[in-house]
Amino acid sequence: MTIFRAALTETGAHAHRPTAPAAALAIDELVVQYRQRSQWQTAVSDVSLALDPGDYLGVVGESGCGKSTLIHALLGLLPANARVSAGAVRIDGHDVVGLRDKEFRPLRWNTVAVVLQSGMNALNPLLTLRAQFRDLFKAHGLARRDADRRCEELLTRVRVPADRADAYAHQLSGGMRQRACIALALALDPKLLILDEPTTALDVVVQREIFDLIDELKAERGFAVLLVSHDLALVLERASRVAVMYAGRIVELAPGDALEGSVKHPYAAGLLAAFPRLGQRSRAAEIIPGAPPRLGSFPAGCAFHPRCVNRQERCSLEEPPLEQRGAVQLACFYPVGAEAAGAEAAGGEEDA
Ligand code: ATP
Ligand code: MG
């Protein structure tokens, strides 16, 4: 809580500082649950994050750690068997938790927009690109002629030839579909762009092109980016801050360079080893052993402890709180690099 309050004060999102711009995104102790066999199970636990206008934050973690659940909660897209059971989310100053679809609609696209993993799923297969842009612009009051002009400008900007405006999704390559999705997402100049594994289905060269394009557009338009991925190395190349999630919690939140220089959480270290950067040799032997826990059967104490090379008895008994340590927020009793000073890391630093 303290950490988030500090972030809010920095970003000026408090009501008594009306001259400062609202945070692009402010998440305060968010808890999201799914109902399974008539029991509510927690998939996202006490997540707090703040993005200033123009920030670039990455969220990483293995499959099932709660990344998509988190962003679906931000976007009002949770399925019927899910609920936000605690916490708050503000996007550009708007409280969005509990909004009905009709109430959320005015914020979609022009305040927050999303690009999902597969452009094939995000685009309507029955409509041409032009028709989809027309629908979007019509809903926001733009005349058809202006909509067509904007559509062609936007497609050209994302390097989809304007004559592809009359194509259907299946007539485009995977990379082109994702670029078209980015053009749609940016059509109404959102303050926050959310990307959920936007290039997973694409080859490495196209992946790089897409991220370069996002960087260019971000520099031009100044939107904030929340990038969700399982690939920590990729996120480190792009984002200025990275949140590492495990079993629904943030276990490390750090500026990219701090994380790259000295990753602290043993899980984050495992992720880095499992996804080597271009030019590094793959070290398959270093892939984290075991699998993430299933919903409803998270281990007691630190949820990562059964897979952790640094674990000690305390880890199975107590859940490490997320605490500020220098530039980094960390939830770990025995972080990487603290082995030499083990006793000190295990004991002392509870005064923060
Ligand atoms: P991936 O990298 O595979 O996309 P993720 O980090 O996005 O994974 P989520 O999809 O958020 O993970 O899932 C978090 C947890 O919630 C998982 O244990 C998953 O099984 C569970 N879950 C996701 N969607 C539902 C649902 N509709 N009903 C019940 N449980 C769900
Ligand atoms: Mg996901």
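This is a predicted model: local features need pLDDT of at least 70, side-chain atom pairs count only at pLDDT 80 or more; totals for chains, interfaces and linings use all residues.
Glutamate 237, at 40% relative accessibility, counts as partly exposed, a label that covers the range between buried, under 20% relative accessible area, and exposed, over 50%, with a 1.4 Å probe and protein chains only. Its side chain meets that of arginine 208 in a salt bridge of 3.0 Å, N to O, where a salt bridge is a side-chain nitrogen of Lys or Arg within 4 Å of a carboxyl oxygen of Asp or Glu. Because glutamate 237 lies in helix H9, residues 232–238, and arginine 208 in helix H8, residues 204–221, the pair ties together parts that are 29 residues apart in sequence. Helices (H or I, at least four residues) and strands (E, at least two) are DSSP runs, numbered from the N terminus.

Residues are numbered from 1 along each chain as its sequence is written, chains are lettered from A and ligands numbered from 1 in the order in which they are written, and side-chain values use heavy atoms, with hydrogens and water left out.

Staying with H9 and H8, the side chains of arginine 238 and aspartate 215 also meet in a salt bridge, at 2.7 Å, N to O, and since arginine 238 lies in helix H9 and aspartate 215 in helix H8, this pair ties together parts that are 23 residues apart in sequence. Arginine 238 is buried at 13% relative accessibility, whereas aspartate 215 is partly exposed, with a relative accessible area of 27%. Elsewhere, Asp146, Arg149, Arg150 and Glu153 are joined into one network by salt bridges that share partners, and the count of salt bridges comes to 25.

Let me turn to a buried charge. Which side chain of opposite charge is nearest to glutamate 252? It is lysine 264, 5.8 Å away, and glutamate 252, although buried, has no salt bridge; in this count Lys and Arg are positive and Asp and Glu negative, while His and the chain ends are not counted. The side chain of glutamate 252 does reach the backbone nitrogen of histidine 265, at 2.6 Å. Leaving out residues up to four places away in sequence, glutamate 252 touches several others, including Val244, Leu259 and Ala268, where contact means heavy atoms within 4.5 Å.

Glutamate 252 belongs to strand E10, which spans residues 249–255 and has 5 of its 7 residues buried. Strand E9, residues 241–246, pairs with E10 in the antiparallel sense over 6 bridges, two strands being paired if DSSP finds at least two bridges between them. E10 also pairs in the antiparallel sense with strand E12, residues 328–330, over 2 bridges, and leucine 330 in E12 is the bridge partner of glutamate 252.

Methods. A polar contact is a pair of N or O atoms within 3.5 Å; within protein, one must be able to donate a hydrogen and the other to accept it, and residues adjacent in sequence count only if both atoms are side-chain atoms.
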